Amino acid sequence: MLADQFGRTIDYLRISVTDRCDLRCLYCLPKGFKGFQVPEHWLSFAEITRVAAAFARLGTRRLRLTGGEPLLRRHLPELVADLAALPGIEDLSLSTNATQLAPQADALRQAGLKRLNVSLDSLRPDCLAEITGSPCLDQVLDGLRAARAAGFQRIKINMMPMAGLNDRDVGDMVAFCMDQGFVLRLIEAMPMGSTGRQTRGADLQAILKELQGRFALEPQALDLGGGPARYWSTPDRSFTLGLITPLSQHFCATCNRVRLAVDGTLYLCLGQEQSFPLGPLLRDGCSDQELEIAIRRAVDLKPEKHDFCEAPGKIVRFMSATGG
């Protein structure tokens with residue numbers, strides 16, 4: 001198995017297929033941002049598959065496609081099919097804002113995609129438009145309907161409650177997820193880039209306490225994709241709530257993931273600068289053995305923990321540049 005110098009097993013690779021997005025969420029990308037990677041620097045599908053195969057040979061079992069918005073990458077079901085066919089890969093998922101999901105949901109499912117995480121921060125059209133910079137609620141809901149029709153199960157809705165903006169919408173989102181059979185996950189804002197540092201996240205512990213009182217939520221030891229969320233469920237297990245709290249209750253000691261950016265840079269931690277450039281190796285024609293050695297060398301650079309609390313201004317890159 002692939003392990004870092006602190007004994008953590010690395011069995012989860014997140015793969016950014018583009019750093020571009022069709023939305024400009026307040027906590028992610030500033031309006032007018034144009035500093036994206038040029039397509040000539042993107043890894044090809046063959047190069048992405050080669051890196052994923054090397055990770056799989058080293059024991060990685062989970063892959064997640066991210067962006068930016070991954071559904072902006074043309075012919076994505078072709079990559080999904082290639083990754084789904086890799087020996088050793090047990091879980092292949094995708095994070096999306098769902099604006100482009102409706103016409104692609106069935107093809108993605110047929111290609112072998114197993115799970116979906118959908119970002120949705122409000123069910124109020126005006127509020128969502130303020131957060132994303134686009135009147136996109138109908139597109140997102142169409143995408144969710146198409147995903148259910150295609151056969152995706154236990155779809156996760158990712159919501160970032162922000163004080164004074166959408167924190168009052170959590171109750172409506174809970175009701176929506178209960179009705180639709182979705183898992184709701186509330187995410188704590190991280191100080192990545194200028195946008196992340198300007199985001200004032202709501203108190204998730206206070207929200208959890210209020211929801212526990214309303215719905216008798218009970219803690220659950222669930223593994224719903226190998227990520228860092230802690231879960232609670234209603235007594236009849238009809239609704240599940242997850243909390244992802246990288247700041248107030250960080251999970252660095254059990255971090256099992258690294259991120260491959262669209263240009264082939266391997267990022268070892270969201271809240272640190274350590275990275276390793278795999279792109280040049282691939283384009284210089286490295287062997288499989290050389291690629292695996294490079295991956296092991298990169299994982300040895302993974303830091304013990306992030307510095308979001310101690311040095312919130314440290315990470316200037318935006319989330320879209322790292323891979324969600």
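Ser233 touches Ala216, Leu217, Glu218, Gln220, Leu222, Phe239 and Thr240, leaving aside residues up to four places away in sequence; touching, or contact, here means heavy atoms within 4.5 Å. This is a predicted model, where local features need pLDDT of at least 70, side-chain atom pairs count only at pLDDT 80 or more, and totals for chains, interfaces and linings use all residues. Residues are numbered from 1 along each chain as its sequence is written, and side-chain values use heavy atoms, with hydrogens and water left out.

**Around Ser233**
- Ser233 sits in strand E8 (residues 230-233); strands (E, at least two residues) and helices (H or I, at least four) are DSSP runs, numbered from the N terminus.
- With a relative accessible area of 2%, Ser233 is buried (buried is under 20% relative accessible area, exposed over 50%, partly exposed in between, using a 1.4 Å probe and protein chains only).
- The side chains of Ser233 and Thr240 are joined by a polar contact of 3.1 Å. That term covers a pair of N or O atoms within 3.5 Å; within protein, one must be able to donate a hydrogen and the other to accept it, and residues adjacent in sequence count only if both atoms are side-chain atoms.

**Around Gly67**
- Gly67 lies in the loop between strand E2 (62-66) and helix H2 (76-84).
- Gly67 is buried too, since its relative accessibility is 4%.
- Gly67 and Ser95 are 28 residues apart along the chain, and their C-alpha atoms are separated by 7.8 Å.

**H1 against H10**
- Helix H1 (residues 45-57) and helix H10 (residues 288-299) have axes that come within 10 Å and cross at roughly 70°; axes are lines fitted to C-alpha atoms, for helices over the stretch in contact, with angles from 0 to 180 degrees between N-to-C directions.
- H1 and H10 are therefore roughly perpendicular to each other (65 to 115 degrees; under 35 is roughly parallel, over 145 roughly antiparallel, the rest oblique).
- H1 brings Arg50, Val51, Ala54, Phe55 and Arg57 to the contact, and H10 brings Asp288, Leu291, Glu292 and Ile295.

**The whole protein**
- The secondary structure comes to 11 helices and 12 strands.
- The radius of gyration is 19 Å, close to the 20 Å the globule rule gives for 324 residues, so the protein is as compact as a globular protein of that length (taken over C-alpha atoms; the rule is 2.2 Å times the number of residues to the power 0.38).
- Buried residues make up 56% of the 324 residues.
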